[in-house]
Amino acid sequence: MNKENVSQMAAFDNPLACNDEKKPVNPSKNTPEDSEPDEEYDMWDEEDAAPSRGRVLFIDADACPVTSVALACARDACTPVVIVGNTTQNLERHIRHGDPRSREKARGRDASHDGFWVDVLDVSIGADSADFAIVERLLPNDIVVTQDIGLASMVLGRGAAAIGVRGRVYDKATIDMQLFIRHEEKKVRRAGGRTRGPEPFKGSDRTRFRHNLIELLRK
């Protein structure tokens, strides 16, 4: 497979790619003598780099109790959102009627929400499918909502920010210890022991999450 085909496949799989706008034609690729029709010209291919984009909020929708809160914060901050999960999770239910579904459709609709749009990325059913789908699309300025410490660690490694569903903003200084504790607890359970489970999700957790996500979106 040549480089151009790989680039076009990557753009098709990327939920951040705009599907509403046609790609310009490269006149240098086709002359009047050519019998083949004009090909689509991918400018990413020549520059060998993806075009710049603003911050995106990614939501790991696996058992996420704050998806609607995160979307509301993103609307107010004019920040686009990608919700990532498998098809069994009915992710569309979180999206309001009239929410723009792409960058192009959002442009010019409402001056106060011009930068906000929301897309859904369906992944296969699997323990790490959503994690890898998010990480491979991350840029350093992005934010990820997740309660998975392993994913949070990968997000921090990419230079992006991660926030838990209870409002904890993950920190590079403490993430290794959190991973170690999780590992030790798994060892206890595999040996037949019991560990303390998470406390029930409370309204105070939702409030803390909203406050801390707003602060992250302002940075």
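**Salt bridges and cores**

Reply: Start in helix α8, where Glu215 and Arg218 are three residues apart, so about one helical turn separates them. Helices here are DSSP runs of H or I with at least four residues, and strands are runs of E with at least two, numbered from the N terminus. This is a predicted model: local features need pLDDT of at least 70, side-chain atom pairs count only at pLDDT 80 or more, and totals for chains, interfaces and linings use all residues. Residues are numbered from 1 along each chain as its sequence is written, and side-chain values use heavy atoms, leaving out hydrogens and water.

Me: What makes Glu215 and Arg218 a salt bridge?

Reply: The term needs a side-chain nitrogen of Lys or Arg within 4 Å of a carboxyl oxygen of Asp or Glu. For Glu215 and Arg218 the N to O value is 3.2 Å, so the pair qualifies.

Me: Why is Arg218 called exposed?

Reply: Buried means under 20% relative accessible area, exposed over 50%, and partly exposed in between (1.4 Å probe, protein chains only). Arg218 has 64%, so it counts as exposed. Glu215 has 35%, so it is partly exposed.

Me: How many salt bridges are there in the whole structure?

Reply: A search finds seven. One of them joins Glu92 and Arg101, with the closest N and O atoms 3.1 Å apart. Glu92 is partly exposed at 42%. Arg101 is partly exposed too, at 30%.

Me: Which parts does the pair Arg166 and Asp205 tie together?

Reply: Their side chains meet in a salt bridge at 2.9 Å, N to O. Arg166 lies in the loop between β5 (161–163) and α7 (172–190), and Asp205 in helix α8 (residues 203–218), so the pair ties together parts 39 residues apart in sequence.

Me: Is Asp205 buried or exposed?

Reply: Asp205 has 7% relative accessibility, so it counts as buried. Arg166, at 29%, is partly exposed.

Me: What makes a group of residues a nonpolar core?

Reply: Its members are buried Ala, Val, Leu, Ile, Met, Phe, Trp, Tyr and Cys residues, joined through side-chain atoms within 4.5 Å. The largest one has 25 residues. Leu57, Phe209 and Leu213 are among those with the most contacts inside it. Its largest share, five residues, comes from α3.

Me: Which residues does Leu213 contact, leaving aside its neighbours within four places in sequence?

Reply: Leu57, Ala70, Cys73, Ile143 and Ile163. Contact means heavy atoms within 4.5 Å.
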